[in-house]
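Please have a look at it on the screen before I go on.

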Amino acid sequence: MPGVARHAKDQARHLRNLIRSSSSLDGPLGVPAARQATTTTIAIAGGKGGVGKTNVAVNLALCLAARGARVTLLDLDMGMADADLLLGVHTPYNLAHVLSGLRELQEVCVRLPGDLRFVSGTSGVERLANLSEFERCRLVRQLRGLEAINDFLILDCGAGISRNVVTFALAAGTVILVTTPEPTALTDTYATLKVLVRQHYGGSIQVLVNMVGDRAEARRIYQRIAEVSAKFLKYSIAECGYMLHDNHVELAVRGRSPFMLRFPKCAASSCLMAVASRLDVNRGRESASGGLFERVVGLFV
Ligand SMILES: Nc1ncnc2c1ncn2[C@@H]1O[C@H](COP(=O)(O)OP(=O)(O)OP(=O)(O)O)[C@@H](O)[C@H]1O
Ligand SMILES: [Mg+2]
């Protein structure tokens with residue numbers, strides 16, 4: 001295990017160096033934005049399963065951390081929590097222990113190589129929607145503690161439009177909807193978008209098109225969603241970026257190691273570095289009011 005941890009640490013150092021050295025090639029990339037007082041909370045969602053949400057959440061979090069931001073990744077996928085698998089870590093405690101009151105959130109939050117903090121999730125739980133007033137207040141107090149010590153909170157919300165997914169997406173200042181060019185993924189993305197807009201979401205909804213052949217395909221897909229959103233929902237979405245279809249992603253998943261660490265120069269890593277750079281430059285410019293978890297509480301009551 002120490003050998004594995006050291007290897008991951010070396011990979012993380014390599015990623016940080018790569019990001020630093022690439023700053024001369026790509027404007028803002030590698031230049032940490034001025035520190036903002038507020039935390040940017042990003043919910044990674046999207047209607048369809050298997051479109052790459054967890055890969056985006058894990059690798060984006062690592063990339064932002066490598067840029068020098070303080071980042072915590074929370075696996076809030078109550079259906080199929082598997083960010084720990086992608087990260088290749090096993091944590092003794094997870095969100096279930098927090099929900100049941102056995103552990104404090106800080107005890108569950110682990111620090112990983114690459115300076116990333118991580119809260120492991122729990123599967124098959126709808127319980128979050130049924131917390132008692134006391135439990136809810138306790139959880140919110142603990143989550144608020146996380147906001148105070150982070151520049152970014154990245155929430156892997158899971159697939160679908162269950163109450164939990166929608167609650168956390170609505171509570172975040174930024175939602176990244178991950179889709180692929182597949183018609184079913186686009187339909188599900190639109191369905192999620194519709195729910196958020198109908199619930200008067202106050203933050204920024206961005207679309208990330210994954211598994212595309214080239215940039216032009218990503219643009220076409222994005223524009224199609226943006227047009228439908230403007231026409232039928234009267235809502236302007238924003239372009240988050242894209243990720244090329246890249247076999248390194250699957251290789252890294254099989255090796256239980258994030259592609260950003262294992263293959264920092266692969267096409268998928270370069271795409272996410274560009275996304276991270278934009279998000280970092282806009283850090284703290286959330287439009288929704290109040291802290292993330294005050295909004296969560298407001299949604300549950
Ligand atoms: N850019 C990519 N190129 C190639 N394969 C990819 C890419 N992104 C994701 N994949 C493949 O898709 C699989 C599913 O990815 P991931 O687990 O991140 O999806 P998900 O949206 O989180 O799924 P779920 O809805 O089940 O939570 C990965 O194991 C990987 O093999
Ligand atoms: Mg997932």
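Let me start with a definition, since I will be using element names throughout: helices and strands here are DSSP runs, a helix being at least four residues and a strand at least two, and they are numbered from the N terminus. With that in hand, I can say that Thr72 sits in strand S2, which covers residues 71-75. Please keep in mind that this is a predicted model.

Overall, the protein chain contains 13 helices and eight strands, and of its 301 residues, 48% are buried. If we take the contacts between residues at least 6 apart in sequence, 78% of them join residues that are at least 24 apart.

Returning to Thr72, is this residue buried or exposed? Thr72 is buried, because 25 other C-beta atoms lie within 10 Å, where 20 or more are needed for that label. Leaving aside residues up to four places away in sequence, Thr72 touches Cys109, Arg117, Val119, Leu146, Asn150 and Leu153. Arg111 is 39 residues away from Thr72 along the chain, and yet the C-alpha atoms of the two are separated by 8.9 Å.

Now to helix H9, residues 215-233, which has 19 residues and reaches 26 Å from its first C-alpha to its last, close to the 27 Å expected at 1.5 Å a residue. Which residues of H9 are buried? They are Ala218, Ile221, Tyr222 and Ser229, and because they cover an arc of only 95° around the axis, they lie on the same side of H9. As a general point, an α-helix has 3.6 residues a turn, so residues three or four places apart point the same way. The cover over the buried residues of H9 includes helix H8 (183-198), strand S7 and strand S8 (238-244), whereas on the other side of H9 we find Ala216, Arg220, Gln223, Glu227, Ala230 and Lys231 exposed. After H9 comes Lys234, which has a positive phi, near 55°.

Finally, let me turn to ligand 1, which has 20 residues around it, with Gly49, Gly52, Lys53, Thr54 and Asn55 coming nearest. The elements that give two or more residues to this shell are helix H2 (53-66), strand S7 (204-212) and helix H10 (247-254). By class, the shell around ligand 1 consists of eight nonpolar, eight polar and four charged residues.

Technical notes. Residues numbered from 1 in each chain as written. Chains lettered and ligands numbered in written order. Predicted model: local features only at pLDDT ≥ 70, side-chain atom pairs only at ≥ 80, totals over all residues. Buried ≥ 20, exposed ≤ 12 C-beta atoms within 10 Å, placed from the backbone. Contact = placed C-beta atoms within 7 Å. Near = placed C-beta within 6 Å. Nonpolar A, V, L, I, M, F, W, Y, C, P; charged D, E, K, R; others polar. Expected span 1.5 Å × (residues − 1). Arc of directions from axis to C-beta.
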